[in-house]
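Have a look at the picture first, then read on.

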Amino acid sequence: MYVSDLGEQWHAARLKPALAHLDSASAGRSSYGVIGAMTAHLWRETERGSYVAADDRAEEIARDTRNLAALIGHTPNEIIFRESARAALRALLTNWSLPVTSTVWVAKNEFGPNLEEFERRGYAVRTMPDADVYGHVDTDALENMLQFEQPDFIHICHIGSMSGAVQPVARIVELAHRVGVPVVVDMAQSVGHVPTVTGADVVYGTSRKWLTGPRGVGFVAVRRDSLRPVEIDGSDAFIAGRLGLGIAVRELLDIGQQRVFRELATIGRVTRERLHGIASWEVVEPLDEPSAIVTLAPPPGWQFEDVAAAREKLLSLGLLVTAADTWRAPLATETPVLRLSPHLDVQREDLDRLADALRTMGY
């Protein structure tokens, strides 16, 4: 029995998995339509040449770009494609004329590799205050901070890699814009997962996670009317991958994005409720956090090697999850977690099997 009302529809559009895929935060399962669009274009490239084949699909590519732009709250001409979210961030920072001694404010759920990109460029990083133990930004405290000091920009992970907490991005953008501070949003874990029209100056993300598009396609969108000009070259692109992403976005829009967001939030809640109190594993997020990323803190004293071994044990039982080490959110935690990220086709029996397995690995 599927947890989501859309489970059967989602399942029917995809190859039957060989295991319970509870790892969409790493890479979602692409549909027949996505795979077919990519494969067909690769054949067209061999028949007609890469550039001619791309020209043949110009209208389709333009339509797909409009759809993605609407999903993230930008205009089509503001979107540039890269091979990954991290590559998109690098392109942004390389081409953005920021002061040499720039300051960036981040939340404590900031992705570790993003912090490395800031460090490489000598940016001073400051954390925004938390509103609670879950790591949500305290927007009242942020509003007060911004009255006395303004960073060169705020960078916020809408949803981090180490927790399912959803940051109040729209409110952060509103407060920052009052004092002229631009906001950059990492949407790698949020696009296709939660609402992503935030008003931010720059957003970037990837095709391969909750959108369930192909790997090798990322994007960055820079709002031309609110940010100092950032010219990023977008001439070279993985056209087959972009067409696959276009199909993935269309499939989301055909179902109804708000409906998908609600269903994923329900899946997150059901998963947390099912696993809450299992042995000595502890659900990290609030039970009703509106995301489908669920993280479990391990029994006391466990190190990453223990969590990784638990992940391998679950894989041997046909349950795919992620062992997430602390490098993913070094400002937030010193404890590794087991990360689950089921999509719409998760079945209750999968969660039951997972709960039973965790019970044998706890205290």
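Glu-45 is partly exposed, with a relative accessible area of 22%. Here buried means under 20% relative accessible area, exposed means over 50%, and partly exposed is in between, using a 1.4 Å probe and protein chains only. Glu-45 belongs to helix α2 (residues 32-48). Helices (H or I, at least four residues) and strands (E, at least two) are DSSP runs, numbered from the N terminus. Which residues does Glu-45 touch, leaving aside its neighbours within four places in sequence? Glu-45 is in contact with Ser-50, Ala-53 and Ile-239, where contact means heavy atoms within 4.5 Å. Ala-240 is 195 residues from Glu-45 in sequence, yet the C-alpha atoms of the two are 9.2 Å apart in space.

A word on the model itself: it is predicted, so local features need pLDDT of at least 70 and side-chain atom pairs count only at pLDDT 80 or more, while totals for chains, interfaces and linings use all residues. Residues are numbered from 1 along each chain as its sequence is written, and side-chain values use heavy atoms, with hydrogens and water left out.

Now step back to the domains, whose bounds come from an automatic or database domain assignment. Domain 1 covers 5-29 + 257-360, and domain 2 covers 33-255. Their C-alpha centres lie 24 Å apart. The contact between them takes 42 residues from domain 1 and 34 residues from domain 2.

Helix α12 (residues 348-361) has 14 residues and reaches 20 Å from its first C-alpha to its last, close to the 20 Å expected. The expected span is 1.5 Å times one less than the number of residues. Among the buried residues of α12 are Asp-350, Leu-351, Leu-354 and Met-361. Seen down the axis, the buried residues of α12 fall within an arc of 165°, so they line one face of the helix; the arc is that of the directions from the helix axis to the C-beta atoms. They pack against several elements, including β1 (20-21), α10 (257-275) and α11 (304-316).

Helix α4 (residues 58-72) has 15 residues, and its end C-alpha atoms are 21 Å apart, which agrees with the span it should have. Its buried residues include Ile-61, Asp-64, Leu-68 and Ile-72. Among the elements that cover them are α3 (50-56), β2 (79-82) and α9 (239-255). Just after α4, Gly-73 takes a positive phi of about 80°.

Aromatic rings come next. Rings of Phe, Tyr and Trp (its six-membered ring) pair if their centres lie within 6.5 Å; planes under 30 degrees apart count as stacked, over 60 as edge-to-face and the rest as tilted. The count comes to 6 aromatic pairs, and two of them are shown here.

| Pair | Centre to centre | Angle between planes |
|---|---|---|
| Trp-96 and Phe-153 | 5.0 Å | 50° (tilted) |
| Phe-111 and Trp-327 | 6.1 Å | 45° (tilted) |

Are Trp-96 and Phe-153 buried or exposed? Trp-96 is buried, and so is Phe-153. Together with Phe-118 and Tyr-123, they form one aromatic cluster. Phe-111 is partly exposed at 21% relative accessible area, and Trp-327 is partly exposed at 45%. Phe-111 and Trp-327 are 216 residues apart and link distant parts of the chain.
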